[in-house]
Amino acid sequence: MLLYTNRQNFFNDICEIIRLFLPQATIELCEDNPGFSGADSLYVTLVDRDEHFVAEASLCFNGISYSYIHTAPYRDESALLEKRYGKRCIKVAAFRAMRKAFPETSLPWGSLTGIRPTRLLRELKLTEGEQNANRLMLNEFDVTEEKLRLADKIVTVQTEVLGSIRHDEVDVYIGIPFCKTRCLYCSFASQLRTQKTDMSAYLSALKRDILNGVKLVKANGLHVRALYLGGGTPTILTADELSDLIDFAITEYDVKPRTEFTVEAGRPDTITAEKLRVIKKYGATRISVNPQTMCDATLRAVGREHTSEDIRKCFMLAREIGFDSINMDLIAGLPGEDAHGMQCTIDEVIKLDPDCLTVHTLAIKRSSRLKEQLEHIALPAISEVERMTAIGSAGAEAMGMLPYYMYRQKYMAGNMENVGYSKADKVCIYNIDMMEDALSIIAHGAGAMTKRVFLGEQRIERVPNPKDIATYIEKLDRVHAERMELFEIR
């Protein structure tokens with residue numbers, strides 16, 4: 001696909017619109033108008049006219065031309081807002097021209113390509129009022145009424161949590177980028193831990209990283225609002241390693257009793273009673289036991305070394321040890337599955353009655369084995385995946401849960417979403433803070449991302465940790481200096 005635009009700063013945004021309809025498209029930027037000589041091409045322009053943006057999109061696909069002109073007012077308040085309004089206008093024009101060529105493509109989130117539609121809706125409500133915000137979502141961005149209702153429910157549930165944020169708080173993330181096996185759909189930069197893997201160097205570096213974060217927090221007079229131990233798979237660590245790491249982190253960060261503390265226990269093939277008791281001993285308030293599916297054949301196909309019965313045993317064991325807030329993750333759209341299989345999985349989950357449920361839509365990530373083997377693997381149709389996510393939503397409702405956070409990913413089936421559901425008193429503060437970019441996060445571990453949220457400024461800046469373990473260890477001091485500079489401590 002050839003692309004010409006007079007606003008090359010929006011090139012990537014226009015490419016995202018094209019890939020809603022043509023996920024595998026290779027897009028080449030043209031310096032001049034490619035014209036309509038028969039080549040597949042998109043010509044998109046944006047001009048400023050009398051406090052209105054006017055975007056014109058002309059598409060040539062398979063020798064047929066399609067076009068759309070979109071006009072949108074904007075308030076000349078700042079360069080940042082002007083850019084935001086211009087981007088919205090040009091994306092809408094490109095989306096509607098493309099939709100004329102592909103009317104059968106189901107895109108429930110319309111022209112929205114960002115990962116946080118709830119954040120957009122919340123901002124629109126604050127700046128435009130509720131009625132106009134809903135109108136913009138439906139008529140400007142072409143979001144369906146069903147997705148608007150979902151986003152609105154989540155915004156409502158999040159109101160109290162986001163309203164409780166204080167300026168002297170941060171969240172803390174600690175990452176263990178190791179797993180027992182690599183799942184078919186996974187693209188995380190996690191390494192496999194074998195019997196020969198020496199974890200001591202990584203854990204030693206992680207402690208140094210944590211101490212650096214503690215210096216930053218103390219220098220700024222900050223306090224920990226929520227702590228999250230994620231992965232990879234944290235329970236790939238031994239019970240002694242878990243005990244040592246968690247004790248170190250909560251002691252150095254002076255984590256107060258009853259502070260939200262989540263451990264992503266994750267895979268049942270790494271969970272033991274001893275590890276769960278360690279996690280409970282050090283004050284974890286919630287854990288995850290993640291099946292992805294309760295179909296044994298699918299578990300084997302995607303590379304999980306556990307069965308549905310292992311999931312049940314781990315879940316009941318966690319209850320016996322005293323965990324009263326347990327999340328379970330499911331994925332809609334796994335190879336070989338359909339709506340009937342999803343219903344069977346949900347029926348089994350309902351019997352266990354977790355406190356939270358996260359329903360993911362399968363995303364075909366570029367660096368996953370699934371992507372490499374895609375031509376040999378049968379995936380359910382988009383319409384089937386939509387039915388599967390609906391079954392997940394109905395199952396959550398049957399367990400008395402409400403949707404409380406949502407995010408979207410690139411290369412996701414049907415341009416859909418991942419939704420976290422929770423019982424009323426069990427929402428995860430960290431998930432809301434992180435997904436809504438509502439609070440700064442100090443992140444430790446290879447591949448983890450520290451971000452500073454400048455409250456009230458609509459500005460976020462980030463400092464990533466290297467993904468490679470050896471590079472992460474080597475650059476600890478450099479990353480610490482960058483984080484201190486980010487938080488204006490020199």
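Analyst: Helix α6 passes helix α7 in a right-handed crossing. Note that this is a predicted model.

User: Why are α6 and α7 called roughly parallel to each other?

Analyst: The axes of α6 (residues 200-219) and α7 (residues 239-252) cross at roughly 15 degrees and come within 10 Å. Angles under 35 degrees count as roughly parallel, and α6 and α7 therefore fall in that class.

User: Which residues make the contact between α6 and α7?

Analyst: From α6 they are L203, L206, K207, I210, L211, V214 and K218; from α7 they are E241, D244, L245, F248, A249 and E252. By class, this contact of α6 with α7 has 8 nonpolar and 5 charged residues, and no polar ones.

User: How many helices and strands does the chain have?

Analyst: The chain has 16 helices and 18 strands.

User: What makes the chain as compact as a globular protein of that length?

Analyst: The globule rule gives 23 Å for 490 residues, and the radius of gyration of the chain is 23 Å, so the chain is as compact as a globular protein of that length. The C-alpha trace spans about 65 × 55 × 45 Å along its principal axes.

User: What share of the residues is buried?

Analyst: Of the 490 residues in the chain, 56% are buried, where buried means under 20% relative accessible area.

User: Among contacts between residues at least 6 apart in sequence, what share joins residues at least 24 apart?

Analyst: In this chain that share is 72%. Contact here means heavy atoms within 4.5 Å.

Conventions: Residues are numbered from 1 along each chain as its sequence is written. This is a predicted model: local features need pLDDT of at least 70, side-chain atom pairs count only at pLDDT 80 or more; totals for chains, interfaces and linings use all residues. Side-chain values use heavy atoms; hydrogens and water are left out. Axes are lines fitted to C-alpha atoms, for helices over the stretch in contact, and angles run from 0 to 180 degrees between N-to-C directions. Helices (H or I, at least four residues) and strands (E, at least two) are DSSP runs, numbered from the N terminus. Angles under 35 degrees count as roughly parallel, over 145 as roughly antiparallel, 65 to 115 as roughly perpendicular and the rest as oblique. A crossing is left-handed if the near helix is turned anticlockwise from the far one by less than a right angle, and right-handed if clockwise. Ala, Val, Leu, Ile, Met, Phe, Trp, Tyr, Cys and Pro count as nonpolar, Asp, Glu, Lys and Arg as charged, and the others, Gly among them, as polar. The radius of gyration is taken over C-alpha atoms; the globule rule is 2.2 Å times the number of residues to the power 0.38. Buried means under 20% relative accessible area, exposed over 50%, partly exposed in between (1.4 Å probe, protein chains only).
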